[in-house]
Amino acid sequence: MYNQKQKDNFFNAIESLKKYRRADLVDDRGRNLLEKLYTDLLPSEHILKKSIKDNTTFLIGRKGTGKSTIFLRIEQELRKKDAYLPCYIDVKTIYESAQTDYLNLDYLSEYIPPKALKKYLIERSFLQSTLKSIAKEIHIKYDNWFDKIKNSIFDKTASRQVKIKLEELVRKIEDNEILKEIEIPVVKNIVQKEKSFKENNVSTSNECSNNLQFGLHETISASLVVGDKEAKNKGETISIEVEDSFSSVFLQIFQIKSYIEDLKEILKHIQVKHIVILLDDFSEIDDYAIKTFVDVILAPLNNWSDEFIKFKIAAYPNRIYYGKIDLGKVDIINLDFYNLYSEFDRNRMEEGAIDFTKRLIEKRIEHFTKEDPSLFFDLTRNTLNEYYELIFQASMNVPRVIGYLLSYCYQSRIIYNKPISRSDIEAASQRYYEEKIEPFFLKITYSLLSLDEKIDQLQLKDLLEKVIDKLIDNKRKIATGAYAGETYIQSSPYASHFHIATAFESFLSTLELNFFISKYVEMSDKDGQSSSIFCLNYGLAKKHNLLWGKPKGAKYRKYFIERPFSFNNILRDFLSSSQSIHCTNEECRQMFTQDQLPHLEFANFKCNKCQSTVIIESIADKIRDDLKKISSDILLMPAEVEIIMELSKREDAVIAKDIAEELDMSSQSVANRCRMLDLKKGLINRDKHTNPYAYSLSVNAKKLYS
């Protein structure tokens with residue numbers, strides 16, 4: 001049915017949707033295709049137009065929602081403007097490098113305890129590398145500008161001066177001897193402040209240990225998910241006091257105000273009036289690093305530069321910290337289905353999302369294949385628009401997921417000269433769930449995270465199972481007629497959605513971030529309470545033979561808020577059995593209920609009786625016991641676990657680039673991690689006879705992580 005050219009072109013079309021990170025779309029002549037193929041989530045390129053405005057902008061969305069693609073388009077547009085300098089920074093890659101490439105500064109060891117010093121040096125290296133990256137981009141811009149005018153009349157002395165200023169700026173950032181002169185007095189001052197503070201708070205200081213020495217940022221704003229619960233619970237008063245001083249160390253060391261003035265001085269020579277810094281993968285670094293980054297670099301550069309510097313930040317939902325940024329002066333753009341489309345037209349949310357799916361697929365297929373998309377779909381039972389609707393439901397409008405679904409369909413149908421059917425897309429959604437989403441809990445199990453953080457996340461597996469069990473029960477009762485009434489159709493027992501009180505949403509954020517569920521809509525339930533309706537991942541529903549969606553027709557509009565789909569009691573029971581909310585004061589130990597959480601948040605988690613800190617502790621003895629049985633020797637960093645899991649799916653050795661494309665990592669990062677997993681752990685085989693090296697799992701790794 002298909003010739004080889006059609007197959008190859010279809011393959012190129014869907015692979016272009018799968019691309020991770022900042023892979024440019026180019027044709028066979030190397031010409032950039034992004035401007036031609038870019039498909040905005042909203043008509044008239046509204047998202048791009050809003051993103052490119054002269055404001056600091058947060059692009060918020062889960063993985064694969066197109067943040068990096070929008071960044072590329074912003075860069076393209078800004079490079080057309082002489083007065084603008086776009087500066088792209090891969091925050092995740094810089095931070096990963098800082099964790100391994102930081103310098104041990106012996107002169108600090110007498111002031112900072114070893115455990116605190118390592119964290120301090122990593123943060124220091126991270127900030128240093130970020131500032132150097134900005135200077136590097138300016139250097140490139142200057143060289144390009146000078147190439148354009150070098151044949152015209154130009155003051156060579158002025159040119160040399162600009163070059164000297166650039167070199168001096170970089171030297172001030174990276175020369176530790178220069179920084180040392182500022183650093184030691186500042187550190188001494190902070191240590192003395194902390195010592196005095198401890199002496200005045202003896203009872204609290206005894207609980208602090210090394211975790212709080214020199215302010216390790218373990219206490220973080222409620223807007224940011226906190227990882228180290230144990231550290232958060234101890235000595236919060238001291239931590240908060242020292243924390244501001246800790247950030248001020250870096251502000252003084254790197255002389256941020258002076259840095260801004262140096263940038264302005266340099267850039268006025270090349271007619272640049274605005275720097276736009278694009279921060280990608282902002283949410284993929286540690287919590288304390290996010291806070292330091294915002295407090296030391298993002299907020300000061302944004303607030304002190306008099307509109308000279310603006311940021312575009314790609315972040316995950318619930319993984320954002322704004323610090324002292326004035327939210328009244330920034331744009332926040334949500335890219336996930338509900339948050340995006342509900343803002344514009346709640347009554348036509350699905351219609352808007354399906355329209356994007358249609359535009360995206362048609363533009364890619366028509367460009368690469370020069371064929372109508374209908375050629376590749378089986379239209380004997382379903383229309384093309386019905387396929388677009390199904391693909392939206394199976395992907396929740398995430399371009400990368402759409403790419404994977406069609407890639408799986410290509411492997412199972414197109415290469416065998418068969419068009420894609422509805423059942424093929426459904427099977428692809430289940431495969432995507434099982435290969436890309438379900439392993440999340442396994443990754444957490446073998447990750448080097450704190451015990452409490454692991455328990456918090458692994459408990460969600462139990463909650464997810466309870467949700468699925470209830471939906472399966474709902475399906476059975478609809479099919480058998482136990483749930484009677486015209487709302488339910490026995491032959492079509494839809495049972496893929498559920499609703500909870502909006503106040504409970506935050507407890508499901510991790511499941512939503514990792515695509516187990518997605519927020520679908522907000523409605524009032526039968527009791528008039530504001531409720532959030534969530535849907536199961538389509539592939540997860542398919543795995544458990546749950547019919548996804550609801551009956552069509554106006555009378556079924558409120559199908560999802562029927563009482564059987566209210567999961568408030570399930571969530572309450574789960575939280576009461578898995579969490580203890582109590583005062584940390586041993587003499588008080590007042591207990592609180594889930595319903596009192598809003599009041600506690602308002603009171604900054606202070607006990608109303610004794611004003612001590614109130615904490616939320618996990619109660620999960622079985623999970624705790626199971627985790628303790630796992631040898632600490634086989635625990636790895638989360639990214640390393642992902643590499644191990646990805647290689648476990650491969651029969652043949654693969655190069656770093658192939659692994660990186662699947663894991664949203666850089667090839668360099670993958671290669672470095674594979675090298676360490678080989679040399680230090682013996683978990684990776686590196687084939688050094690290939691160029692570049694090819695990687696596979698060792699026999700030992702297969703035994704340990706199977």
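**Exercise 1.** Determine how many bridges join E6 to strand E8 (residues 530-536), and in which direction the two strands run.

*Solution.* Five bridges join E6 to E8, and the two run antiparallel. Strands here are DSSP runs (E, at least two residues), and helices are DSSP runs too (H or I, at least four residues), numbered from the N terminus. Two strands pair if DSSP finds at least two bridges between them. Within this pair, His-497 stands opposite Cys-535 in E8.

The model is predicted: local features need pLDDT of at least 70, side-chain atom pairs count only at pLDDT 80 or more, and totals for chains, interfaces and linings use all residues. Residues are numbered from 1 along each chain as its sequence is written, and side-chain values use heavy atoms, with hydrogens and water left out.

**Exercise 2.** Describe the lining of the second largest cavity by element and by class.

*Solution.* A cavity is a set of points on a 1 Å grid over the protein atoms alone where a 1.4 Å probe fits but cannot get out; lining residues have an atom within 4 Å of a point. Helix H7 (156-174), helix H8 (176-199) and helix H12 (256-267) are the elements that give two or more residues to this lining. Among the lining residues are Leu-169, Ile-182, Phe-254 and Asp-262. By class there are eight nonpolar (Ala, Val, Leu, Ile, Met, Phe, Trp, Tyr, Cys and Pro), two charged (Asp, Glu, Lys and Arg) and two polar residues (the others, Gly among them).

Definitions and conventions. On a 1 Å grid over the protein atoms alone, a cavity is a set of points where a 1.4 Å probe fits but cannot get out, and a pocket is an open set with protein on both sides within 12 Å along at least five of seven lines; lining residues have an atom within 4 Å of a point.
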